[in-house]
Amino acid sequence: MGGMAADVFMDIRCPRCGCEATPAGHEDARAYYQCPKCNRVWATTLASLAGTDGPRSRRGSIRVLVVDDSNELTKILALWLEEEGYAVVTATNGREALDAASVYYPDIVLLDLIMPPPDGFAVCAALRNPLPPQVILMTGLSDNDHVRRALDLGVVGLLRKPLSREMVIDAIAIAAERCQRDPLSKLRWHFGMHPRA
């Protein structure tokens, strides 16, 4: 029985197509995976895979999907969140975000409003599935119609760019607290750990 647990580490699947991924290496406390079907490469923190005890590992069980059409911003946000112990998956457009959400069932989605179709509003609406995540929207716009429309979607918060580390971490902490109280969080965790092909 102890040998079986050692053989099964984690089933990592591509956020785009759901195909079982292959390890592609590791560097700077990140594990890289590649999809043999669509050739997508992505990273996750080694800490999020380790399963150690303590408050950081409890945060590591909270999956955050970061979505912005700026690669640089997604990298910075992922770094900030990984340093706080969260498990992070990134996407750079709405289609990738929906693909990743359907595979990993994130607890929290940090989502840019303005990006190539589908935009943040459409992605947010599509995430209202049987296991909806907590959504935090990001925008550089100050248009009151956008703010009203975002709040109508029932999001945790709306962050205005430029973002600060403190602003992002505080918003994620509020969303994480809501996740801890959410009775569906265990189901999201289960399905995220056992992605569908």
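Modeller: Let's begin with Val 64, whose bridge partner in strand 6 (108-112) is Ile 108. Val 64 belongs to strand 4, the part we will follow. Strands here are DSSP runs of E with at least two residues, helices are runs of H or I with at least four, and both are numbered from the N terminus. This is a predicted model, so local features need pLDDT of at least 70 and side-chain atom pairs count only at pLDDT 80 or more, while totals for chains, interfaces and linings use all residues. Residues are numbered from 1 along each chain as its sequence is written, and side-chain values use heavy atoms, leaving out hydrogens and water.

Now for the neighbours of strand 4. Strand 4 pairs with strand 6 in the parallel sense over 4 bridges; two strands count as paired if DSSP finds at least two bridges between them. Strand 4 also pairs with strand 5, again in the parallel sense, over 5 bridges. Within that pairing, Val 67 has Ala 91 as its bridge partner in strand 5. Stepping back, 5 strands form an open sheet with parallel pairing, in the order 5-4-6-7-8. Its edges are strand 5 and strand 8 (157-160), each of which pairs on one side only. From one strand to the next, the twist averages 20°; angles are taken between N-to-C directions of axes fitted to C-alpha atoms, from 0 to 180 degrees, with helix axes fitted over the stretch in contact.

Which way do the residues of strand 4 point? Arg 63, Leu 65 and Val 67 point one way, Val 64 and Val 66 point the other way, and all are buried. Buried means under 20% relative accessible area, exposed means over 50%, and partly exposed lies in between (1.4 Å probe, protein chains only).

Leu 65 and Val 67 also take part in the largest nonpolar core, which has 27 residues; with Leu 111 and Val 135, they touch the most other members. Such a core is a set of buried Ala, Val, Leu, Ile, Met, Phe, Trp, Tyr and Cys residues joined through side-chain atoms within 4.5 Å. Among the elements giving two or more residues to this core are strand 4 (63-67) and helix 5 (94-104). Helix 5 gives the largest share, 6 residues.

Next come the helices. Strand 4, helix 4 (residues 71-83) and strand 5 make a right-handed β-α-β unit, meaning that, with the strands pointing away from the viewer, the path from the first strand over the helix to the second runs clockwise. Helix 4 lies across strands including strand 4, and runs at about 170° to strand 5. Thr 74 is found in helix 4; Thr 74 counts as buried because its relative accessible area is 4%. Beyond residues up to four places away, Thr 74 touches Val 66 and Val 67, among others. Helix 8 also lies across strand 4, as well as strand 6, strand 7 and strand 8.

Methods: Contact means heavy atoms within 4.5 Å.
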